[in-house]
Amino acid sequence: MKKVMKFVVVGMLSLGLISLAGCKSGSGAEKTKDDKAIIYTNADEEPVKAMEKALDENGFKGKYLVQSLGTSELGGKLLAEGKNLEADIVTMSTFYLDSAEEKNKFLEKLDVSVKPLQVTTGYTLPLTVQEGVVFYNTKALKEAGINPPKSLKDLAKPEYAGQLSISDIKQSSTAWLLFQGLIDTYGEDEAKAILAKIYENAGDHIEASGSGPLKKVKVGEVAIGYGLRHQAVAAKKAKDPIDYVEPSEGTYNLTESIGILNKGQSKEKMADLQKMVAIILTTGRKEIITYYPSALYEEEKTDGLEIAKDQKVYSEKLTPELLAKHQGMVE
């Protein structure tokens, strides 16, 4: 009996050692994952690929993970979670990122040798310029027997009923550019009346993402859309049946920026994060500016790029509170 018990005890100890070895192996694997820099972004596909290419070709291949999130979702996480956010690096609408820093004091001062054209907080630096534009499917427009709109206000005309797609301001910052152009030009009361008719015309074609309207217009499901300018320009260059209109109210834009979360990372890791941001804002920007043709830094050139003729920014400071106010107009 004692001999049997001895075997049982030895067996249990062996199992314990195997179990401990398994735990050790698991924690080691977790450590490897933790060593990777985590990047949270709301950016479109083109800048994400440009960032990844720049990092991969400059010593960081396999050393980072990219997680894409919607603007509203990431903005909410930034404001609510602060330093508890899983990410090490975030690219996000500047107004959200700066507001989250004011509230949570969670960003590291950036140490990157670039000279931005606009004043920044030092905790964020601009990455892209998002612009909105009216575009249309040339074939679908002809078949419908309607003329292309010349302004944002035109989108409310009754002849465009069922032929219009826009994005949802509660999910997409692109939609906010439409609101900004109307409110800035016509005042809040008139803009509200115009928007009511625009929403009627769009009906079931209100999309969750800024790129959604162009997808519908490309296939001719609707003839007209409002969405991201750079995507409409690219579609036209690709010989898709797409053309676009710089609205008479101007081409409104907002910037998206990059920042590093200070979560007590080691000096070595923080140094790597600063290098990654520097690579993105130098090497990565060389490709990004070809998609978003607006200079953000002194050394950047836009020769040969299709720049909007009447670039505008909203007259008030952009904040999450102002966005929430404008989102309320949809109700």
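Predicted model: local features only at pLDDT ≥ 70, side-chain atom pairs only at ≥ 80, totals over all residues.
Visitor: Is strand S10 largely enclosed or largely open, and how many of its residues are buried?

Guide: Strand S10 spans residues 251-261. A residue counts as buried when its relative accessible area is under 20%. The strand is largely enclosed by the rest of the structure because the buried residues number 10 of the 11.

Visitor: Which strand runs parallel to S10?

Guide: Strand S3 (residues 89-93) pairs with S10 in the antiparallel sense over five bridges. Two bridges, by contrast, join S10 to a strand of residues 311-312 that runs parallel to S10, namely S11.

Visitor: Which residue of S10 stands opposite Ser93, and which is the bridge partner of Thr128?

Guide: In S10, the residue opposite Ser93 is Glu256. The bridge partner of Thr128 in S10 is likewise Glu256.

Visitor: What are the bridge partners of Leu107 and Thr251?

Guide: Leu107 has its bridge partner in S10, and that partner is Leu261. For Thr251, the partner lies in S11 and is Gln311.

Visitor: How far apart are the closest N and O atoms of Glu81 and Lys77?

Guide: Glu81 and Lys77 are four residues apart in helix H3 (residues 71-81), so about one helical turn separates them. Glu81 is partly exposed at 29% relative accessible area, and Lys77 is partly exposed at 22%. The two residues form a salt bridge in which the closest N and O atoms are separated by 3.1 Å.

Visitor: In the salt bridge between Lys216 and Glu221, is Lys216 buried or exposed?

Guide: The closest N and O atoms of Lys216 and Glu221 are 3.7 Å apart. Glu221 has a relative accessible area of 47% and is partly exposed. The relative accessibility of Lys216 is 15%, and the cut-off for burial is under 20%, so Lys216 counts as buried.

Visitor: Which residue meets Lys236 in a salt bridge?

Guide: Lys236 is partly exposed, with a relative accessible area of 38%. Its side chain takes part in a salt bridge of 3.1 Å, N to O, and the partner is Asp243.

Visitor: Which residues are linked with Arg229 in a network of salt bridges?

Guide: The whole structure contains 15 salt bridges. In one network of salt bridges, Arg229 is linked with Glu131 and Glu246.

Key: Residues numbered from 1 in each chain as written. Heavy atoms only, no water. Buried < 20%, exposed > 50% of the residue type's maximum accessible area, 1.4 Å probe, protein only. Pairing = 2+ DSSP bridges. Salt bridge = Lys/Arg side-chain N within 4 Å of Asp/Glu carboxyl O.
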